[in-house]
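Reader: I have a new model open and I want to learn how to read it. Can we go feature by feature?

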Amino acid sequence: MTLLSPLQPQKQRKTLGDQIYESIRESIVSFRLAPGTMIYENELADTMKVSRTPVREAIRLLVSEQLLEVLPQRGTRIALISARKVSEARFIREQLELGAFKLAAAKWGERDRSAASASIEAMLKQQQAASDAKDIAQFLQLDEAFHRAILELAGNDTLLQMIYYMRGHLNRARYLAIDQFGHTDRVIEEHRLLYEAIRAGSEQLVAERLAQHIRKLDNELPQLRKAHPDYFID
């Protein structure tokens, strides 16, 4: 197993199990572990230089998310991408984020947002740098950070957690879309337009721009399935 690296010291206080789970999950989303790849608990533990117990727990959680699947008599593999689940997750994401983004717009003028503005502007610059470097994994991580920053303005931690777990399936398809269509500059521009609508406090404009931003994957999914038939199931 050469596609994962030993864990590095973390500045944030995360348990070893959390770090292992997040590392494997990110490798799945970013296609360092491609759909259909068989994985083995002992190899993961050796590669990451950890014991097998937290690896086993991480695998259990990823199976529950349906990012891993257990094959009887064979072992565990990276789950194929379910086109149905991607479409369902896209719809759910839009409904969940719509209310939160509109609430962020409504709340924007209630207090000083200079810190939030500086953070979001920095994310957009970092995302442009990732786009220029053609670093899709970093680009998607910053995409997540942008959406999370807006959701945090709505002040709903439960919503943040729900969207995080639900987006694993969605982001695998989005990774392929960015890799195939190379539309990172368009994504950054859509983020900036969303940000401007939120700062303007326009809930209607936020709703329109968020729908445009999210729904394009529906049109791209058939092309992705055609280009990568071994990665998808219905």
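**Reading the model**

Reader: Which element gives the most to the lining of the second largest pocket?

Author: α5 gives the most, with 4 residues. Helices (H or I, at least four residues) and strands (E, at least two) are DSSP runs, numbered from the N terminus. A pocket is an open set of points on a 1 Å grid over the protein atoms alone, with protein on both sides within 12 Å along at least five of seven lines. A cavity is a set where a 1.4 Å probe fits but cannot get out. Lining residues have an atom within 4 Å of a point.

Reader: What should I know about the model itself?

Author: This is a predicted model, where local features need pLDDT of at least 70, side-chain atom pairs count only at pLDDT 80 or more, and totals for chains, interfaces and linings use all residues. Residues are numbered from 1 along each chain as its sequence is written, and side-chain values use heavy atoms, with hydrogens and water left out. pLDDT is the predictor's confidence in each residue, from 0 to 100. The chain averages 89, and 94% of the residues score at least 70. Over residues 7–11, pLDDT stays under 50.

Reader: How many cavities of 30 Å³ or more are found?

Author: The search of the whole structure finds 1. The largest cavity holds about 130 Å³ of space. Arg174, His213, Lys216, Leu217 and Glu220 lie nearest its centre, among 13 lining residues. α9 supplies the largest share, 5 residues. α4 (83–107), α7 (157–181) and α9 (203–227) each give at least two. By class, the lining has 6 nonpolar, 2 polar and 5 charged residues. Nonpolar covers Ala, Val, Leu, Ile, Met, Phe, Trp, Tyr, Cys and Pro; charged covers Asp, Glu, Lys and Arg; the others, Gly among them, are polar.

Reader: How do I read a sheet?

Author: Strands of a sheet pair through backbone hydrogen bonds, either parallel or antiparallel. Two strands pair if DSSP finds at least two bridges between them. Here 3 strands form an open sheet, ordered β1-β3-β2, with antiparallel pairing. β1 (38–39) and β2 (68–71) are the edge strands, each pairing on one side only. β2 joins β3 (residues 75–78) through 4 bridges. Val70 stands opposite Thr76, and Glu69 opposite Arg77. β1 and β3 share 2 bridges, with Met38 opposite Arg77.

Reader: Where does Gln73 sit?

Author: Gln73 is in the hairpin of β2 and β3, which has 3 residues between the strands. It takes a positive phi near 70°.

Reader: And packed helices?

Author: Two packed helices are described by the angle between their axes and the distance between the axes. Axes are lines fitted to C-alpha atoms, for helices over the stretch in contact, and angles run from 0 to 180 degrees between N-to-C directions. α1 (residues 16–29) and α7 pack at about 35°, with axes 9 Å apart. Contact means heavy atoms within 4.5 Å. Residues making this contact include Tyr21 and Arg25 of α1, and Tyr164 and Tyr175 of α7.

Methods. Points joined across faces, edges and corners; volume = space filled by probe spheres on them.
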